[in-house]
Amino acid sequence: MAPRLEAFAVPGLPMVQPEANVATLINEALERNGQTLADGDVVCIAQKIVSKAENRQVALASVEPGAEACELAQAVDKDPRLVQLILDESTEVLRHKPGVLIVRHRLGIVGANAGIDQSNIDHGEAEEALLLPIDPDGSAASIRADLEASHGCRLAVMITDSHNRPWRLGTVGACIGCAGLAPLDDHRGGTDLYGRELKVTLINRADAIASIATLLMGETTEQLPVAVVRGLGPETAPAPATTIVRPPAEDLFR
C-alpha cells in the first residue's frame, strides 16, 4: 500500500492567557469537536499560544533601550525598545537594512527580529511584543507528557513558527521545538536507485511536517493554532529540535 498522510486542524481553542495549560486547552477542543488522538500522531502547536501561556508577552513601556539599540533602531527604522528586546534575545546581528534586522537567536535560529512578533496579541493600552518560548523543546516535552497521559497513546509534539528562507519569497512553517520526533532523516551512506552512494541527503522531516500543519493553521486570522498530522508511523530515534540548527562553522554565508 502506498504511504498516506492525514492532517486536520483542531478548531475552537480560546484566546490563550498567561499560565494556561496548553494540553488541557487542546484536550477540551478535541472533545468539543469529537476528535481523537492516535498512536504516532504529531500534534503541531503554533509558537504563539505556547509563548502566551508561558507569559512571554512584554510591554514595550517596560523596556529601556541602550545606546546600541538606539543606534541600530535608527538604521533599521524600528522602535528602539523593540530592537532592545531583539538584541536581548540574540547572540549576533548578522544583517540589517531599513525595515530588516536579521539576527542569530539564542536558540541558534537565524531569522528576522529574533522571532519576536507583535501580531495577533492584545496590546491593551500600549505596544506589546511576544517573545519565543525560553525552551521550546522543553515546552513540547511537557505538553506531550500531558497529552499522552490523557489519551493513553504514543504521540509526538511539535512547536511551529513561520520562517523566511534565503533566496525564497514568503514564509513557511518550521519546527522550533519537538518531543517524541526524529527531526532529521539521515540517508548519508546509503545508495540511490542505481547504487550511487548518498553523501549529502539529510531530510528535515520536522520542518516538512510543520509546513503541512501551517497550511491548515493559517498565519493571519484563522484562529487555528493546533493541527494534527497522522500516518508517519512509530518514531525510532527522537531528538530535540536543536539538532536541526546548522552550526555556525558550517554557515558559508556569514
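Colleague: What makes the nonpolar surface patch of about 490 Å²?

Modeller: Trp 167, Leu 252 and Phe 253 make that patch. Patch residues have over 30% relative accessible area and no salt bridge, and nonpolar side chains (Val, Leu, Ile, Met, Phe, Trp, Tyr) are joined within 5 Å. A salt bridge would be a side-chain nitrogen of Lys or Arg within 4 Å of a carboxyl oxygen of Asp or Glu. This is a predicted model: local features need pLDDT of at least 70, side-chain atom pairs count only at pLDDT 80 or more, and totals for chains, interfaces and linings use all residues. Residues are numbered from 1 along each chain as its sequence is written, and side-chain values use heavy atoms, without hydrogens and water.

Colleague: Why is Phe 253 called exposed?

Modeller: Exposed means over 50% relative accessible area (1.4 Å probe, protein chains only). Phe 253 has 56%, so Phe 253 is exposed. Phe 253 is found in the segment after strand E12 (226-230).

Colleague: Which strands form the open sheet, and in what order?

Modeller: The order is E4-E5-E6, with antiparallel pairing. Strand E4 (90-97) and strand E6 (110-112) each have a single partner strand, so both stand at the edges.

Colleague: How do you know that E5 and E6 pair?

Modeller: Pairing needs at least two DSSP bridges. Strand E5 (residues 100-105) and E6 have three. In one of them, Val 103 has Gly 111 in E6 as its bridge partner.

Colleague: Which strands does helix H3 touch?

Modeller: Helix H3 (residues 67-76) touches E4 and E5. Contact means heavy atoms within 4.5 Å. Helix H4 (residues 80-88) lies across E4 and E5.

Note on methods:
Helices (H or I, at least four residues) and strands (E, at least two) are DSSP runs, numbered from the N terminus. Axes are lines fitted to C-alpha atoms, for helices over the stretch in contact, and angles run from 0 to 180 degrees between N-to-C directions. Patches are made of residues with over 30% relative accessible area and no salt bridge: like charges are joined within 9 Å, nonpolar side chains (Val, Leu, Ile, Met, Phe, Trp, Tyr) within 5 Å. Accessible areas come from the Shrake-Rupley method with a 1.4 Å probe; for residues, only the protein chains shown count as cover. Buried means under 20% relative accessible area, exposed over 50%, partly exposed in between (1.4 Å probe, protein chains only).
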